[in-house]
Amino acid sequence: MRMDFITRKHFPREEMIRLVKIDGKFMLDNENKTGKRGFYLHRDEAEITSLFRSKKILRFLKDEEEREQLLQEILNIIHGA
């Protein structure tokens, strides 16, 4: 079980998406094997979209273009693209 960054609820690892910070940039860790610090997001499109539109994410992702790109990558994973 892993804790969701947004809701602080626990979910099985298979239901989560992991983001890690590598060389100052956040990236998806699809295989959950990167040995870097990161956080988990539950695969809930509404919650993730609201997070990326809120001020809470600005502490981590200051660059708007990078935020939008990462959001699109996450949404593609959720939709199975």
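A residue counts as buried when its relative accessible area is under 20%, as exposed when this area is over 50%, and as partly exposed in between, with a 1.4 Å probe and protein chains only. The structure is a predicted model, in which local features need pLDDT of at least 70 and side-chain atom pairs count only at pLDDT 80 or more, while totals for chains, interfaces and linings use all residues. Residues are numbered from 1 along each chain as its sequence is written, and side-chain values use heavy atoms, with hydrogens and water left out.

**View 1. Arg 2 in strand β1.** Strand β1 covers residues 2-3 and contains Arg 2; strands are DSSP runs (E, at least two residues) and helices are likewise DSSP runs (H or I, at least four), numbered from the N terminus. Arg 2 is classed as partly exposed because its relative accessibility is 27%. Beyond residues up to four places away in sequence, Arg 2 touches Lys 9, His 10, Phe 11, Arg 13, Met 16 and Tyr 40, where contact means heavy atoms within 4.5 Å.

**View 2. Arg 2 with Tyr 40 and Glu 14.** The side chains of Arg 2 and Tyr 40 form a polar contact at 3.4 Å. Such a contact is a pair of N or O atoms within 3.5 Å; within protein, one must be able to donate a hydrogen and the other to accept it, and residues adjacent in sequence count only if both atoms are side-chain atoms. Between the C-alpha atoms of Arg 2 and Glu 14 there are 9.4 Å, the two residues being twelve apart along the chain.

**View 3. Helix α2 and its buried face.** Helix α2 consists of 16 residues, 64-79, and spans 22 Å from first to last C-alpha, close to the 22 Å expected at 1.5 Å a residue; the expected span is 1.5 Å times one less than the number of residues. Its buried residues are Glu 66, Arg 67, Leu 70, Leu 71, Ile 74 and Leu 75. Viewed down the axis of α2, these buried residues fall within an arc of 165 degrees, so they line one face of the helix; the arc is that of the directions from the helix axis to the C-beta atoms.

**View 4. The surroundings of α2.** The cover over the buried residues of α2 includes strands β3 (16-22), β4 (25-28) and β5 (38-42), together with helix α1 (45-53). Glu 65 and His 79 are exposed on the face of α2 turned away from its buried side. After α2 comes Gly 80, which has a positive phi, near 80 degrees.
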